[in-house]
Amino acid sequence: MDSYAGYVLRVNLTTKEVKREPLRRDWARDFIGGKGLGYRYLCEDVDPLVDPLSPANEIIFMTGPLSATLVPCTGKCEVITKSPATGTILNCAIGGSLANQLKFAGYDALIITGKAPSPVYLRIKDDDVSFVDAKGLWGKGCHETEEAIRSSEGPFTVACIGPGGENLVPMACITSEFYRQAGRGGVGAVMGSKNLKAIAVSGTGYIGVDDMPGFLDLVYRKMKEETLTDANLWAYTDGTSVLVEASQAAGILPTRNFQDGTFEGFEGISARAVKGARVHKKACFGCPLGCGNYISSKGVFVEGPEYETLALAGSNCGIGDLSAVARFNALCDDLGIDTISAGNTAAFAMELAQRGIADLGLRFGEVDSYLEVPSLIAYRKGIGEDLALGVRHLSSKYGGRKFAMEVKGLEFPGYEPRGSWGMSLAYATSDRGACHMRAWPVADEAYGSLDPFTFEGKAQLVIDGQHRNAVKFSSIVCDFWAISLESLAEILSKALSREMSADDLILTGERIWNLGRLFNVACGMRRKDDTGPDRIFEEPLKTGSAASRMIPREGFEAALSEYYRLRGWDEDGVPTREKVESLGLGELRLGG
Ligand code: SF4
(Lines give C-alpha, C1' and ligand atoms only; values in the text may rest on other atoms or scores of the structure.)
Protein backbone atom coordinates (compact mmCIF):
# COMPACT_ATOMS: atom_id res chain seq x y z
CA MET A 1 0.00 0.00 0.00
CA ASP A 2 1.18 3.54 -0.71
CA SER A 3 -0.30 7.00 -0.37
CA TYR A 4 -1.56 7.32 -3.94
CA ALA A 5 -5.31 6.88 -4.39
CA GLY A 6 -4.48 4.74 -7.42
CA TYR A 7 -6.96 6.18 -9.94
CA VAL A 8 -7.39 8.98 -12.42
CA LEU A 9 -10.82 10.37 -13.23
CA ARG A 10 -11.24 11.41 -16.87
CA VAL A 11 -14.19 13.57 -17.86
CA ASN A 12 -15.09 14.56 -21.41
CA LEU A 13 -17.51 17.48 -21.28
CA THR A 14 -18.45 17.13 -24.95
CA THR A 15 -19.47 13.47 -24.83
CA LYS A 16 -20.26 13.36 -21.08
CA GLU A 17 -18.04 10.31 -20.89
CA VAL A 18 -16.67 9.62 -17.41
CA LYS A 19 -13.85 7.13 -17.03
CA ARG A 20 -12.02 5.90 -13.96
CA GLU A 21 -8.64 4.51 -14.97
CA PRO A 22 -5.68 3.21 -12.99
CA LEU A 23 -2.91 5.67 -12.22
CA ARG A 24 0.11 5.26 -14.50
CA ARG A 25 2.46 3.92 -11.82
CA ASP A 26 5.48 4.16 -14.12
CA TRP A 27 4.84 7.87 -14.60
CA ALA A 28 4.13 8.39 -10.90
CA ARG A 29 7.52 6.88 -10.18
CA ASP A 30 9.28 9.25 -12.58
CA PHE A 31 7.23 12.42 -11.99
CA ILE A 32 5.83 11.95 -8.41
CA GLY A 33 2.45 13.74 -8.73
CA GLY A 34 1.18 17.34 -8.80
CA LYS A 35 3.08 19.46 -11.32
CA GLY A 36 5.33 16.69 -12.66
CA LEU A 37 2.71 14.02 -13.16
CA GLY A 38 0.23 16.59 -14.47
CA TYR A 39 2.82 17.70 -17.03
CA ARG A 40 3.32 14.06 -18.04
CA TYR A 41 -0.38 13.48 -18.63
CA LEU A 42 -0.77 16.78 -20.51
CA CYS A 43 2.25 16.03 -22.71
CA GLU A 44 0.75 12.66 -23.59
CA ASP A 45 -2.75 13.90 -24.30
CA VAL A 46 -2.46 17.39 -25.75
CA ASP A 47 -0.83 18.62 -28.94
CA PRO A 48 1.51 21.46 -27.87
CA LEU A 49 0.11 23.58 -30.70
CA VAL A 50 -3.46 23.27 -29.43
CA ASP A 51 -5.48 26.46 -29.04
CA PRO A 52 -5.60 26.76 -25.22
CA LEU A 53 -9.24 27.81 -25.34
CA SER A 54 -10.35 24.98 -27.61
CA PRO A 55 -12.12 21.83 -26.40
CA ALA A 56 -8.99 19.79 -27.19
CA ASN A 57 -7.01 21.47 -24.41
CA GLU A 58 -7.18 19.74 -21.06
CA ILE A 59 -7.43 21.15 -17.58
CA ILE A 60 -5.99 18.80 -15.01
CA PHE A 61 -6.49 18.99 -11.24
CA MET A 62 -3.64 17.11 -9.60
CA THR A 63 -3.15 15.91 -6.08
CA GLY A 64 0.18 14.71 -4.72
CA PRO A 65 1.27 11.58 -2.88
CA LEU A 66 1.16 13.51 0.40
CA SER A 67 -2.29 15.07 -0.13
CA ALA A 68 -4.87 13.88 2.40
CA THR A 69 -2.20 12.60 4.76
CA LEU A 70 -1.21 14.32 7.98
CA VAL A 71 1.99 15.70 6.48
CA PRO A 72 1.85 19.45 7.15
CA CYS A 73 1.58 22.07 4.39
CA THR A 74 0.30 19.63 1.76
CA GLY A 75 -3.17 21.08 1.23
CA LYS A 76 -2.68 22.61 -2.21
CA CYS A 77 -3.96 21.31 -5.53
CA GLU A 78 -2.02 21.83 -8.77
CA VAL A 79 -3.89 22.89 -11.89
CA ILE A 80 -2.17 22.03 -15.19
CA THR A 81 -3.08 23.15 -18.70
CA LYS A 82 -1.75 24.99 -21.72
CA SER A 83 -1.92 28.68 -20.85
CA PRO A 84 -4.03 31.11 -22.88
CA ALA A 85 -1.90 33.96 -21.49
CA THR A 86 1.50 32.68 -22.58
CA GLY A 87 0.96 29.75 -24.93
CA THR A 88 3.24 27.69 -22.65
CA ILE A 89 2.67 24.75 -20.38
CA LEU A 90 1.24 25.96 -17.08
CA ASN A 91 0.90 24.76 -13.54
CA CYS A 92 -0.71 26.85 -10.87
CA ALA A 93 -1.47 25.94 -7.25
CA ILE A 94 -4.71 26.54 -5.40
CA GLY A 95 -4.85 26.40 -1.61
CA GLY A 96 -7.65 25.09 0.56
CA SER A 97 -8.88 21.51 0.60
CA LEU A 98 -9.63 20.60 -3.02
CA ALA A 99 -6.74 18.15 -3.39
CA ASN A 100 -7.69 16.37 -0.19
CA GLN A 101 -11.31 15.95 -1.22
CA LEU A 102 -10.25 14.58 -4.60
CA LYS A 103 -7.97 12.13 -2.91
CA PHE A 104 -10.60 11.09 -0.36
CA ALA A 105 -12.95 10.61 -3.32
CA GLY A 106 -10.43 8.13 -4.70
CA TYR A 107 -8.53 10.11 -7.35
CA ASP A 108 -4.97 11.27 -7.79
CA ALA A 109 -6.00 13.34 -10.79
CA LEU A 110 -9.05 14.80 -12.46
CA ILE A 111 -8.49 15.30 -16.19
CA ILE A 112 -11.12 17.34 -18.01
CA THR A 113 -11.38 17.81 -21.75
CA GLY A 114 -14.03 18.82 -24.29
CA LYS A 115 -16.67 21.50 -23.96
CA ALA A 116 -20.14 21.25 -22.47
CA PRO A 117 -22.91 22.50 -24.79
CA SER A 118 -24.14 24.81 -22.03
CA PRO A 119 -22.81 25.84 -18.61
CA VAL A 120 -22.44 23.02 -16.10
CA TYR A 121 -20.69 22.24 -12.90
CA LEU A 122 -19.12 18.90 -12.23
CA ARG A 123 -20.26 17.15 -9.07
CA ILE A 124 -17.99 14.44 -7.69
CA LYS A 125 -19.05 12.44 -4.67
CA ASP A 126 -16.70 9.47 -4.50
CA ASP A 127 -17.63 7.24 -7.49
CA ASP A 128 -20.71 9.25 -8.30
CA VAL A 129 -19.88 11.83 -10.98
CA SER A 130 -22.56 14.01 -12.54
CA PHE A 131 -23.00 17.12 -14.67
CA VAL A 132 -25.22 19.72 -13.06
CA ASP A 133 -26.88 22.50 -15.04
CA ALA A 134 -25.15 25.79 -14.16
CA LYS A 135 -27.01 28.16 -16.46
CA GLY A 136 -28.43 29.90 -13.39
CA LEU A 137 -24.92 30.43 -12.00
CA TRP A 138 -23.38 31.79 -15.21
CA GLY A 139 -22.65 35.47 -14.76
CA LYS A 140 -22.43 35.22 -10.99
CA GLY A 141 -19.33 36.06 -8.97
CA CYS A 142 -17.21 33.41 -7.30
CA HIS A 143 -18.59 34.07 -3.82
CA GLU A 144 -22.23 33.72 -4.84
CA THR A 145 -21.42 30.67 -6.95
CA GLU A 146 -19.67 28.89 -4.13
CA GLU A 147 -22.41 29.76 -1.66
CA ALA A 148 -25.11 28.54 -4.05
CA ILE A 149 -23.38 25.22 -4.73
CA ARG A 150 -22.62 24.59 -1.09
CA SER A 151 -26.16 25.41 -0.07
CA SER A 152 -27.55 22.89 -2.57
CA GLU A 153 -24.86 20.20 -2.24
CA GLY A 154 -23.79 20.50 1.39
CA PRO A 155 -20.19 20.44 2.57
CA PHE A 156 -18.46 20.01 -0.80
CA THR A 157 -15.21 21.74 -1.67
CA VAL A 158 -15.92 24.04 -4.59
CA ALA A 159 -13.53 25.51 -7.16
CA CYS A 160 -15.20 27.92 -9.55
CA ILE A 161 -14.76 30.74 -12.01
CA GLY A 162 -16.29 34.19 -12.08
CA PRO A 163 -17.21 36.46 -15.00
CA GLY A 164 -13.50 36.76 -15.88
CA GLY A 165 -13.27 33.08 -16.72
CA GLU A 166 -16.64 33.05 -18.45
CA ASN A 167 -15.50 35.92 -20.67
CA LEU A 168 -12.24 34.09 -21.50
CA VAL A 169 -10.01 36.74 -19.96
CA PRO A 170 -6.43 35.42 -20.21
CA MET A 171 -5.74 36.55 -16.63
CA ALA A 172 -8.80 34.77 -15.20
CA CYS A 173 -8.25 32.61 -12.15
CA ILE A 174 -10.02 29.77 -10.36
CA THR A 175 -11.27 30.46 -6.83
CA SER A 176 -11.87 28.01 -4.01
CA GLU A 177 -13.06 28.55 -0.47
CA PHE A 178 -13.88 32.14 -1.46
CA TYR A 179 -10.38 33.56 -1.25
CA ARG A 180 -7.94 30.92 -2.47
CA GLN A 181 -6.91 31.19 -6.11
CA ALA A 182 -5.07 29.38 -8.84
CA GLY A 183 -4.17 32.81 -10.08
CA ARG A 184 -1.73 32.88 -12.91
CA GLY A 185 -1.77 32.15 -16.61
CA GLY A 186 -5.51 32.05 -17.29
CA VAL A 187 -6.62 28.71 -15.83
CA GLY A 188 -10.04 30.31 -15.25
CA ALA A 189 -10.38 31.11 -18.96
CA VAL A 190 -9.68 27.47 -19.82
CA MET A 191 -12.55 26.43 -17.55
CA GLY A 192 -14.73 29.13 -19.11
CA SER A 193 -13.91 27.90 -22.62
CA LYS A 194 -15.30 24.52 -21.58
CA ASN A 195 -18.52 26.00 -20.16
CA LEU A 196 -17.39 24.61 -16.83
CA LYS A 197 -18.50 26.96 -14.06
CA ALA A 198 -17.24 24.89 -11.16
CA ILE A 199 -16.22 21.57 -9.77
CA ALA A 200 -17.64 20.42 -6.45
CA VAL A 201 -15.93 17.52 -4.71
CA SER A 202 -16.62 15.50 -1.62
CA GLY A 203 -14.82 12.30 -0.69
CA THR A 204 -15.32 9.85 2.12
CA GLY A 205 -12.39 7.51 1.50
CA TYR A 206 -9.14 6.91 3.25
CA ILE A 207 -5.47 7.16 2.33
CA GLY A 208 -3.24 4.60 3.97
CA VAL A 209 0.41 3.64 3.96
CA ASP A 210 2.14 0.35 4.79
CA ASP A 211 3.66 1.38 8.08
CA MET A 212 1.12 3.80 9.51
CA PRO A 213 2.60 4.04 13.05
CA GLY A 214 6.08 4.66 11.61
CA PHE A 215 4.71 7.19 9.14
CA LEU A 216 2.83 9.11 11.85
CA ASP A 217 5.89 9.12 14.10
CA LEU A 218 7.96 10.56 11.28
CA VAL A 219 5.35 13.19 10.41
CA TYR A 220 5.05 14.23 14.04
CA ARG A 221 8.83 14.54 14.36
CA LYS A 222 9.18 16.56 11.15
CA MET A 223 6.33 18.82 12.18
CA LYS A 224 7.96 19.49 15.54
CA GLU A 225 11.51 19.85 14.29
CA GLU A 226 11.06 21.43 10.87
CA THR A 227 7.65 23.07 10.64
CA LEU A 228 6.92 24.71 13.96
CA THR A 229 10.26 26.48 14.04
CA ASP A 230 11.45 30.06 14.29
CA ALA A 231 12.42 29.98 10.61
CA ASN A 232 8.81 29.32 9.59
CA LEU A 233 7.14 31.46 12.23
CA TRP A 234 6.78 34.47 9.92
CA ALA A 235 4.02 32.60 8.07
CA TYR A 236 1.87 32.50 11.19
CA THR A 237 2.76 35.84 12.76
CA ASP A 238 2.59 37.95 9.60
CA GLY A 239 2.08 36.00 6.40
CA THR A 240 3.52 37.19 3.12
CA SER A 241 2.84 40.87 3.84
CA VAL A 242 6.09 40.81 5.82
CA LEU A 243 7.86 41.13 2.47
CA VAL A 244 6.66 44.70 1.92
CA GLU A 245 9.13 46.08 4.46
CA ALA A 246 11.84 43.67 3.32
CA SER A 247 11.44 44.72 -0.31
CA GLN A 248 11.34 48.40 0.56
CA ALA A 249 14.58 48.00 2.54
CA ALA A 250 16.22 46.11 -0.33
CA GLY A 251 15.03 48.63 -2.91
CA ILE A 252 13.04 46.05 -4.90
CA LEU A 253 9.44 47.03 -4.09
CA PRO A 254 7.82 47.57 -7.52
CA THR A 255 6.73 51.17 -7.66
CA ARG A 256 4.69 52.91 -10.38
CA ASN A 257 5.07 50.22 -13.00
CA PHE A 258 8.59 49.34 -11.90
CA GLN A 259 9.86 52.87 -12.42
CA ASP A 260 11.47 52.59 -9.00
CA GLY A 261 12.19 50.13 -6.19
CA THR A 262 11.00 52.07 -3.14
CA PHE A 263 7.60 53.55 -2.40
CA GLU A 264 7.08 56.55 -0.15
CA GLY A 265 3.69 55.18 0.97
CA PHE A 266 4.86 51.65 1.80
CA GLU A 267 3.85 51.88 5.47
CA GLY A 268 0.18 52.05 4.49
CA ILE A 269 0.41 48.60 2.88
CA SER A 270 2.96 47.09 5.25
CA ALA A 271 2.69 43.99 7.44
CA ARG A 272 1.97 46.33 10.34
CA ALA A 273 -1.00 47.79 8.51
CA VAL A 274 -2.27 44.32 7.56
CA LYS A 275 -1.88 43.09 11.13
CA GLY A 276 -3.72 46.14 12.40
CA ALA A 277 -6.71 45.22 10.23
CA ARG A 278 -6.54 41.48 10.85
CA VAL A 279 -9.64 39.81 12.22
CA HIS A 280 -8.53 36.20 12.09
CA LYS A 281 -6.18 33.66 10.52
CA LYS A 282 -6.76 30.99 7.89
CA ALA A 283 -4.92 27.81 6.97
CA CYS A 284 -5.06 25.30 4.14
CA PHE A 285 -6.09 21.75 5.05
CA GLY A 286 -3.80 20.37 7.75
CA CYS A 287 -1.35 23.28 7.76
CA PRO A 288 -0.04 24.39 11.16
CA LEU A 289 1.56 27.50 9.65
CA GLY A 290 -1.73 29.12 8.67
CA CYS A 291 -0.25 32.00 6.69
CA GLY A 292 -3.61 33.47 5.64
CA ASN A 293 -4.97 36.68 7.18
CA TYR A 294 -8.56 37.79 7.03
CA ILE A 295 -8.71 41.54 7.31
CA SER A 296 -11.50 44.04 7.65
CA SER A 297 -10.73 47.53 6.46
CA LYS A 298 -13.25 50.32 5.90
CA GLY A 299 -16.06 47.92 5.17
CA VAL A 300 -14.00 45.50 3.06
CA PHE A 301 -13.57 41.95 4.29
CA VAL A 302 -11.06 39.82 2.44
CA GLU A 303 -8.48 37.11 2.92
CA GLY A 304 -5.23 38.84 2.15
CA PRO A 305 -3.97 40.96 0.62
CA GLU A 306 -0.90 38.81 0.06
CA TYR A 307 2.45 40.40 -0.68
CA GLU A 308 2.10 40.06 -4.45
CA THR A 309 -1.19 41.96 -4.34
CA LEU A 310 0.16 44.62 -1.97
CA ALA A 311 3.09 45.14 -4.32
CA LEU A 312 1.49 44.92 -7.76
CA ALA A 313 -1.90 46.42 -6.96
CA GLY A 314 -0.46 48.71 -4.26
CA SER A 315 2.92 50.38 -4.67
CA ASN A 316 3.11 49.51 -8.35
CA CYS A 317 -0.08 51.51 -8.92
CA GLY A 318 1.06 54.28 -6.56
CA ILE A 319 -1.58 53.21 -4.00
CA GLY A 320 -0.58 53.20 -0.33
CA ASP A 321 -4.03 52.80 1.16
CA LEU A 322 -4.66 49.30 2.52
CA SER A 323 -8.43 49.56 2.25
CA ALA A 324 -8.17 50.47 -1.46
CA VAL A 325 -5.86 47.53 -2.15
CA ALA A 326 -8.13 45.26 -0.10
CA ARG A 327 -11.14 46.38 -2.15
CA PHE A 328 -9.25 45.79 -5.42
CA ASN A 329 -8.28 42.36 -4.06
CA ALA A 330 -11.86 41.51 -3.07
CA LEU A 331 -13.21 42.59 -6.46
CA CYS A 332 -10.62 40.51 -8.31
CA ASP A 333 -11.37 37.47 -6.13
CA ASP A 334 -15.09 37.68 -6.73
CA LEU A 335 -14.81 38.43 -10.45
CA GLY A 336 -12.18 35.73 -10.87
CA ILE A 337 -9.17 37.82 -11.93
CA ASP A 338 -5.50 37.44 -11.02
CA THR A 339 -4.44 40.39 -8.86
CA ILE A 340 -0.82 40.26 -10.07
CA SER A 341 -1.68 40.62 -13.74
CA ALA A 342 -4.53 43.05 -13.07
CA GLY A 343 -2.29 45.27 -10.91
CA ASN A 344 0.47 45.24 -13.52
CA THR A 345 -1.97 46.02 -16.31
CA ALA A 346 -3.45 48.96 -14.41
CA ALA A 347 0.06 50.25 -13.65
CA PHE A 348 1.12 49.96 -17.28
CA ALA A 349 -1.94 51.91 -18.40
CA MET A 350 -1.13 54.54 -15.74
CA GLU A 351 2.36 54.95 -17.13
CA LEU A 352 0.99 55.28 -20.66
CA ALA A 353 -1.02 58.25 -19.38
CA GLN A 354 1.90 59.66 -17.36
CA ARG A 355 4.03 59.70 -20.51
CA GLY A 356 1.26 61.08 -22.70
CA ILE A 357 1.29 57.98 -24.92
CA ALA A 358 -2.35 57.01 -24.39
CA ASP A 359 -5.05 57.93 -21.91
CA LEU A 360 -7.07 54.94 -20.74
CA GLY A 361 -8.45 56.94 -17.83
CA LEU A 362 -6.05 55.61 -15.19
CA ARG A 363 -3.55 57.62 -13.12
CA PHE A 364 -1.00 56.59 -10.51
CA GLY A 365 -2.47 56.99 -7.04
CA GLU A 366 -6.04 57.73 -8.18
CA VAL A 367 -8.23 55.27 -6.34
CA ASP A 368 -11.66 55.67 -7.96
CA SER A 369 -10.61 54.80 -11.52
CA TYR A 370 -8.28 52.08 -10.21
CA LEU A 371 -11.18 50.36 -8.48
CA GLU A 372 -13.01 50.18 -11.81
CA VAL A 373 -10.25 48.03 -13.31
CA PRO A 374 -11.29 44.55 -12.07
CA SER A 375 -14.80 44.95 -13.42
CA LEU A 376 -13.65 46.48 -16.72
CA ILE A 377 -11.32 43.52 -17.20
CA ALA A 378 -13.73 40.79 -16.13
CA TYR A 379 -16.55 42.03 -18.35
CA ARG A 380 -14.24 43.33 -21.11
CA LYS A 381 -16.21 46.56 -21.13
CA GLY A 382 -14.93 49.58 -23.09
CA ILE A 383 -11.20 49.91 -22.47
CA GLY A 384 -11.58 46.68 -20.49
CA GLU A 385 -11.43 44.86 -23.83
CA ASP A 386 -7.79 45.98 -24.09
CA LEU A 387 -6.97 45.77 -20.37
CA ALA A 388 -8.28 42.20 -20.27
CA LEU A 389 -5.56 41.09 -22.68
CA GLY A 390 -2.78 42.30 -20.39
CA VAL A 391 0.42 44.27 -20.66
CA ARG A 392 1.84 42.64 -23.78
CA HIS A 393 -1.30 43.43 -25.74
CA LEU A 394 -1.51 47.01 -24.43
CA SER A 395 2.10 47.70 -25.34
CA SER A 396 1.64 46.27 -28.83
CA LYS A 397 -1.44 48.37 -29.43
CA TYR A 398 -0.52 51.67 -27.75
CA GLY A 399 3.29 51.58 -27.44
CA GLY A 400 5.55 51.41 -24.40
CA ARG A 401 7.19 48.06 -25.20
CA LYS A 402 10.31 49.16 -23.33
CA PHE A 403 8.41 49.31 -20.05
CA ALA A 404 6.01 46.41 -20.62
CA MET A 405 6.94 44.38 -17.54
CA GLU A 406 6.26 40.84 -18.70
CA VAL A 407 8.02 37.72 -19.93
CA LYS A 408 6.32 35.44 -22.48
CA GLY A 409 3.13 37.45 -21.90
CA LEU A 410 2.95 36.90 -18.13
CA GLU A 411 3.27 40.05 -16.03
CA PHE A 412 6.03 40.46 -13.42
CA PRO A 413 5.63 39.38 -9.80
CA GLY A 414 6.61 41.73 -6.98
CA TYR A 415 10.42 41.68 -7.07
CA GLU A 416 12.30 44.34 -9.00
CA PRO A 417 15.09 42.41 -10.76
CA ARG A 418 17.47 45.36 -11.02
CA GLY A 419 17.96 45.00 -7.26
CA SER A 420 18.31 41.20 -7.41
CA TRP A 421 19.86 40.16 -10.68
CA GLY A 422 19.25 36.45 -10.27
CA MET A 423 15.52 37.23 -10.44
CA SER A 424 15.91 38.44 -14.03
CA LEU A 425 17.26 35.01 -14.95
CA ALA A 426 14.52 33.30 -12.92
CA TYR A 427 11.81 35.32 -14.70
CA ALA A 428 13.37 34.77 -18.13
CA THR A 429 13.71 31.00 -17.79
CA SER A 430 10.50 30.23 -15.90
CA ASP A 431 8.36 27.69 -17.72
CA ARG A 432 5.21 29.84 -17.48
CA GLY A 433 6.54 33.37 -18.05
CA ALA A 434 7.61 35.86 -15.38
CA CYS A 435 7.19 33.94 -12.15
CA HIS A 436 8.65 33.98 -8.65
CA MET A 437 7.61 30.44 -7.79
CA ARG A 438 10.00 28.45 -9.99
CA ALA A 439 13.15 29.91 -8.49
CA TRP A 440 13.35 32.68 -5.92
CA PRO A 441 16.98 33.85 -5.81
CA VAL A 442 15.82 37.06 -4.17
CA ALA A 443 15.83 35.11 -0.87
CA ASP A 444 19.60 34.68 -1.15
CA GLU A 445 20.32 37.99 -2.87
CA ALA A 446 18.22 41.02 -1.90
CA TYR A 447 16.89 39.41 1.31
CA GLY A 448 20.01 37.34 1.98
CA SER A 449 23.77 37.55 1.95
CA LEU A 450 24.66 36.97 -1.71
CA ASP A 451 25.72 39.95 -3.80
CA PRO A 452 22.52 40.90 -5.66
CA PHE A 453 24.42 42.85 -8.33
CA THR A 454 26.36 40.07 -10.01
CA PHE A 455 25.50 37.07 -12.18
CA GLU A 456 28.31 34.99 -10.77
CA GLY A 457 26.88 31.69 -9.54
CA LYS A 458 23.31 32.76 -10.35
CA ALA A 459 22.68 30.33 -13.22
CA GLN A 460 23.25 27.40 -10.86
CA LEU A 461 21.27 29.11 -8.09
CA VAL A 462 18.28 29.46 -10.43
CA ILE A 463 18.58 25.87 -11.67
CA ASP A 464 18.73 24.52 -8.10
CA GLY A 465 15.62 26.51 -7.18
CA GLN A 466 13.73 25.32 -10.25
CA HIS A 467 14.50 21.69 -9.47
CA ARG A 468 13.66 22.05 -5.78
CA ASN A 469 10.33 23.72 -6.47
CA ALA A 470 9.47 21.27 -9.26
CA VAL A 471 9.86 18.52 -6.65
CA LYS A 472 7.88 20.40 -4.00
CA PHE A 473 5.04 21.22 -6.40
CA SER A 474 4.97 17.61 -7.54
CA SER A 475 5.01 16.17 -4.04
CA ILE A 476 2.77 18.70 -3.30
CA VAL A 477 4.38 20.62 -0.42
CA CYS A 478 3.74 24.32 0.06
CA ASP A 479 6.73 26.42 -0.94
CA PHE A 480 6.37 28.39 2.31
CA TRP A 481 7.59 25.35 4.25
CA ALA A 482 11.37 25.45 4.03
CA ILE A 483 11.69 21.66 4.20
CA SER A 484 15.01 20.15 3.11
CA LEU A 485 15.00 17.69 0.22
CA GLU A 486 16.53 15.13 2.59
CA SER A 487 13.49 15.37 4.87
CA LEU A 488 11.09 15.36 1.96
CA ALA A 489 12.77 12.22 0.60
CA GLU A 490 12.44 10.60 4.03
CA ILE A 491 8.71 11.35 4.17
CA LEU A 492 8.08 10.23 0.58
CA SER A 493 10.02 7.02 1.17
CA LYS A 494 7.75 6.17 4.07
CA ALA A 495 4.57 7.20 2.25
CA LEU A 496 5.43 5.32 -0.95
CA SER A 497 7.21 2.33 0.61
CA ARG A 498 10.30 2.74 -1.54
CA GLU A 499 13.61 4.31 -0.73
CA MET A 500 14.26 7.76 -2.13
CA SER A 501 17.15 10.12 -1.56
CA ALA A 502 17.56 13.85 -1.98
CA ASP A 503 19.65 13.13 -5.09
CA ASP A 504 16.80 11.07 -6.56
CA LEU A 505 14.49 14.01 -6.00
CA ILE A 506 16.87 16.48 -7.64
CA LEU A 507 17.09 14.22 -10.69
CA THR A 508 13.29 14.03 -10.75
CA GLY A 509 13.11 17.82 -10.55
CA GLU A 510 15.45 18.04 -13.53
CA ARG A 511 13.34 15.53 -15.48
CA ILE A 512 10.18 17.54 -14.80
CA TRP A 513 11.86 20.80 -15.77
CA ASN A 514 13.09 19.34 -19.05
CA LEU A 515 9.68 17.86 -19.79
CA GLY A 516 8.12 21.31 -19.46
CA ARG A 517 10.82 22.77 -21.68
CA LEU A 518 10.23 20.15 -24.38
CA PHE A 519 6.55 21.10 -24.44
CA ASN A 520 7.43 24.80 -24.63
CA VAL A 521 10.01 24.21 -27.36
CA ALA A 522 7.31 22.40 -29.34
CA CYS A 523 5.15 25.51 -28.80
CA GLY A 524 7.91 27.56 -30.46
CA MET A 525 9.66 28.94 -27.34
CA ARG A 526 13.37 29.60 -27.75
CA ARG A 527 16.11 31.89 -26.46
CA LYS A 528 14.33 34.91 -27.97
CA ASP A 529 11.53 34.32 -25.44
CA ASP A 530 13.85 33.91 -22.42
CA THR A 531 14.42 37.58 -21.82
CA GLY A 532 12.99 40.63 -20.10
CA PRO A 533 11.74 44.14 -20.89
CA ASP A 534 14.22 46.82 -22.00
CA ARG A 535 13.53 48.83 -18.84
CA ILE A 536 15.55 46.47 -16.64
CA PHE A 537 18.54 46.72 -19.00
CA GLU A 538 18.39 50.41 -19.88
CA GLU A 539 16.93 52.40 -16.97
CA PRO A 540 18.65 52.67 -13.60
CA LEU A 541 16.54 52.61 -10.45
CA LYS A 542 16.28 55.98 -8.78
CA THR A 543 16.07 55.43 -5.03
CA GLY A 544 16.84 52.98 -2.24
CA SER A 545 19.45 50.29 -1.79
CA ALA A 546 19.50 49.50 -5.51
CA ALA A 547 19.57 53.12 -6.70
CA SER A 548 21.49 53.64 -9.96
CA ARG A 549 21.43 49.89 -10.67
CA MET A 550 20.35 48.31 -13.93
CA ILE A 551 21.15 44.94 -15.44
CA PRO A 552 24.02 44.75 -17.94
CA ARG A 553 22.55 43.10 -21.02
CA GLU A 554 25.80 41.30 -21.92
CA GLY A 555 26.04 39.94 -18.37
CA PHE A 556 22.48 38.69 -18.59
CA GLU A 557 23.07 37.01 -21.97
CA ALA A 558 26.25 35.37 -20.68
CA ALA A 559 24.38 34.09 -17.61
CA LEU A 560 21.63 32.75 -19.87
CA SER A 561 24.21 30.91 -21.98
CA GLU A 562 25.74 29.51 -18.81
CA TYR A 563 22.26 28.43 -17.65
CA TYR A 564 21.69 26.57 -20.95
CA ARG A 565 25.14 24.99 -20.79
CA LEU A 566 24.66 23.78 -17.21
CA ARG A 567 21.31 22.34 -18.22
CA GLY A 568 22.70 20.51 -21.25
CA TRP A 569 20.65 22.63 -23.65
CA ASP A 570 21.94 24.17 -26.87
CA GLU A 571 22.57 27.90 -27.35
CA ASP A 572 18.96 28.40 -28.42
CA GLY A 573 17.62 26.80 -25.25
CA VAL A 574 16.67 23.43 -26.73
CA PRO A 575 17.47 20.33 -24.63
CA THR A 576 20.05 18.19 -26.42
CA ARG A 577 19.25 14.62 -27.42
CA GLU A 578 21.80 13.33 -24.86
CA LYS A 579 20.16 15.29 -22.06
CA VAL A 580 16.69 14.13 -23.05
CA GLU A 581 17.78 10.51 -23.15
CA SER A 582 19.74 10.69 -19.92
CA LEU A 583 16.53 11.76 -18.17
CA GLY A 584 14.50 8.90 -19.63
CA LEU A 585 12.51 11.22 -21.89
CA GLY A 586 13.82 9.82 -25.17
CA GLU A 587 10.62 7.94 -25.98
CA LEU A 588 8.35 10.89 -25.27
CA ARG A 589 5.84 11.64 -28.04
CA LEU A 590 4.21 14.98 -27.32
CA GLY A 591 0.47 14.88 -27.91
CA GLY A 592 0.46 11.06 -28.01
S1 SF4 B 1 1.76 28.02 4.56
FE2 SF4 B 1 -0.11 29.11 3.92
S3 SF4 B 1 -0.36 28.66 1.71
FE4 SF4 B 1 1.12 27.17 2.57
S5 SF4 B 1 -0.14 25.36 3.08
FE6 SF4 B 1 0.03 26.65 4.94
S7 SF4 B 1 -1.78 27.99 4.93
FE8 SF4 B 1 -1.57 27.12 2.85
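Buried means under 20% relative accessible area, exposed means over 50%, and partly exposed lies in between (1.4 Å probe, protein chains only). Helices (H or I, at least four residues) and strands (E, at least two) are DSSP runs, numbered from the N terminus. The model here is predicted, so local features need pLDDT of at least 70 and side-chain atom pairs count only at pLDDT 80 or more, while totals for chains, interfaces and linings use all residues. Residues are numbered from 1 along each chain as its sequence is written, and side-chain values use heavy atoms, with hydrogens and water left out.

**Exercise 1. Find the buried residues of helix α9, then look at what covers them and what follows the helix.**

Step 1: Go to residues 243-250, which form α9. The buried residues there are L243, V244, S247, Q248 and A250.

Step 2: Look for the cover. Helix α11 (307-312) is included in what covers these buried residues, where contact means heavy atoms within 4.5 Å.

**Exercise 2. Describe how helices α2 and α19 pack.**

Step 1: Locate α2 at residues 34-45 and α19 at residues 458-475.

Step 2: Take their axes, which are lines fitted to C-alpha atoms, for helices over the stretch in contact, with angles running from 0 to 180 degrees between N-to-C directions. The angle is about 85° and the axes are 4 Å apart.

Step 3: Under 35 degrees is roughly parallel, over 145 roughly antiparallel, 65 to 115 roughly perpendicular, and the rest oblique. The pair α2 and α19 is therefore roughly perpendicular.

Step 4: Name the partners. From α2 come G34, K35 and G36, which meet A470, F473 and S474 of α19. Sorted by class, this contact has two nonpolar, three polar and one charged residues. Here Ala, Val, Leu, Ile, Met, Phe, Trp, Tyr, Cys and Pro count as nonpolar, Asp, Glu, Lys and Arg as charged, and the others, Gly among them, as polar.

**Exercise 3. List the shell around the ligand and follow C73 back to its place in the chain.**

Step 1: The list is C73, K76, R180, A283, C284, C287, L289, G290, C291, C478 and F480.

Step 2: Sort the shell by class: eight nonpolar, one polar and two charged residues.

Step 3: Pick out C73, found in the loop between β3 (59-62) and β4 (77-82). Its phi is near 60°, a positive value in a residue other than glycine. At 3% relative accessibility, C73 counts as buried.

**Exercise 4. Sum up the whole chain.**

Step 1: Count the secondary structure: 24 helices and 17 strands.

Step 2: Check burial. Buried residues make up 66% of the 592 residues.

How values were computed. Near = heavy atom within 4 Å.
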